[in-house]
Amino acid sequence: MHSKTRLSLQDQPAWIQTGIQLGNHFHYRRKQPVVHNGLNLSVLFLILMGLACLFYLGTILPVSVFIPLGAIGFGLLYFMLFILVVHEASHGMFIILRNIRQAQTWNRCLGWAVCIPFHRDFIKHWELGHRIHHCYPVEAHDPQNCPETVYTGSRLFKHIAKVLLIPGYAILGINSVCTAEQTYRKNWRLSISSIAIWGLSTVVETIYLGWQVPVAALLGIQILVILNTLKIAIEHGGDIGQRENHFLRSCSSFFPLRFLLMPLNISLHFEHHLNCAVPWYDLMSYHRKLSAVIPADLHSDVFKTNELWKQINA
């Protein structure tokens, strides 16, 4: 059972306090807004161009080739949109400005723009829900990673099979067994908006590009769900999510193809939970400095190198 009492920072081991302070050197408030925003918007532009390229490929590749490859491509790009825009915006650091209220408005608008098609409430599930996740990871009231949804081993593989083989399983949220998450799904305006966006895009893409494009785009949601499920498994799966200290209930993973399967440094999750004000592009620099202050006997607990299969099969 998890401890329901969250240790104050003063009660944490000295190395954790030092590690958090190290992260403050990379705090997004120290960044130049023009440089920081320029980088994030440039990456966003590349992701959108990637989506545009998939639309084009759908018109020239054979259907039997495009649909499976397109689904994987769409899924990866959706995943990147959530990591870059939604996740960073939930921490108030996709767009940074000297005027904090204006920055919050921009982050919310862009976060909502990505969340609505995927039937996610940006305010409740991300601004609030992600904050709860950081304070109480893998606890019953964690709306993002409650214990019932951190799959590993046979449960993970069965879940992936259901996502792939059962129509609507991923899109309709049939797999939602987390009570804290279900409360955020009861938003009929969001549901109607999401259905309308996919319905309109399906009609337009079918008319101008061909039916295979919306099919691949919809199947991409399944790939998105699978990637996110794998991400949760390697971040908090197994014994990791059961640790008493909430700062130790996550780990960072390094493995071949990490930059493709877990892009934008999302697998450096221990660093992110230790100091969530570090932008995605500085997490590796933070990792290098942090490695020097973490006790040697804990390195293998928080940094996993080439242990992907062991992590997801825990």
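1. Arg-108 and Glu-127 form a salt bridge whose closest N and O atoms are 2.9 Å apart, a salt bridge being a side-chain nitrogen of Lys or Arg within 4 Å of a carboxyl oxygen of Asp or Glu. The pair links distant parts of the chain, with Arg-108 in helix 4 and Glu-127 in helix 5, 19 residues apart; helices (H or I, at least four residues) and strands (E, at least two) are DSSP runs numbered from the N terminus. Arg-108 is partly exposed at 30% relative accessibility, whereas Glu-127, at 11%, counts as buried. Buried stands for under 20% relative accessible area, exposed for over 50%, and partly exposed for what lies in between, with a 1.4 Å probe and protein chains only.

2. A note on the basis of these values: this is a predicted model, in which local features need pLDDT of at least 70 and side-chain atom pairs count only at pLDDT 80 or more, while totals for chains, interfaces and linings use all residues. Residues are numbered from 1 along each chain as its sequence is written, and side-chain values use heavy atoms, with hydrogens and water left out.

3. By the rule given above, the count comes to 4 salt bridges. One of them joins Asp-282 to Lys-31, with the closest N and O atoms 2.3 Å apart. Because Asp-282 lies in the loop between helix 11 (269-274) and helix 12 (283-291) and Lys-31 in the loop between helix 1 (14-24) and helix 2, the pair ties together parts that are 251 residues apart in sequence. Asp-282 is buried at 11% relative accessibility, and Lys-31 is buried with a relative accessible area of 16%.

4. Arg-249 also forms a salt bridge, with Glu-139, the closest N and O atoms being 2.9 Å apart. Arg-249 is in the loop between helix 9 and strand 1 (252-254) and Glu-139 in the loop between helix 5 and helix 6, so this pair ties together parts 110 residues apart in sequence. Arg-249 is buried, with a relative accessible area of 1%, and Glu-139 is buried, with 5%.

5. The largest nonpolar core has 51 residues, of which Phe-74, Tyr-78, Phe-82 and Leu-84 touch the most other members; such a core is a set of buried Ala, Val, Leu, Ile, Met, Phe, Trp, Tyr and Cys residues joined through side-chain atoms within 4.5 Å. The elements that give two or more residues to this core include helix 2 (33-60), helix 3 (63-90) and helix 9 (212-236), and helix 3 gives the most, with 15 residues. Leaving aside neighbours within four places in sequence, Phe-82 is in contact (heavy atoms within 4.5 Å) with His-87, Val-114, Cys-115, Phe-118, Trp-126 and Leu-224. Apart from this core lies another, of 20 residues, among them Ile-20, Leu-22, Leu-274 and Leu-283.

6. Asn-265, found in the loop between helix 10 (258-261) and helix 11, counts as buried at 11% relative accessibility. A polar atom of the Asn-265 side chain lies 2.9 Å from the backbone oxygen of Trp-280. Not counting residues up to four places away in sequence, Asn-265 touches Arg-258, Phe-259, Trp-280, Tyr-281, Leu-283 and Met-284.

7. In helix 12 the buried residues are Leu-283, Met-284, Tyr-286, His-287 and Leu-290. These residues cover an arc of only 155 degrees around the axis, which puts them on the same side of helix 12, the arc being that of the directions from the helix axis to the C-beta atoms. The buried residues of helix 12 pack against helix 1, strand 1, helix 10, helix 11 and strand 2 (303-305).

How values were computed. Polar contact = N/O pair within 3.5 Å; in protein donor to acceptor, adjacent residues only side chain to side chain.
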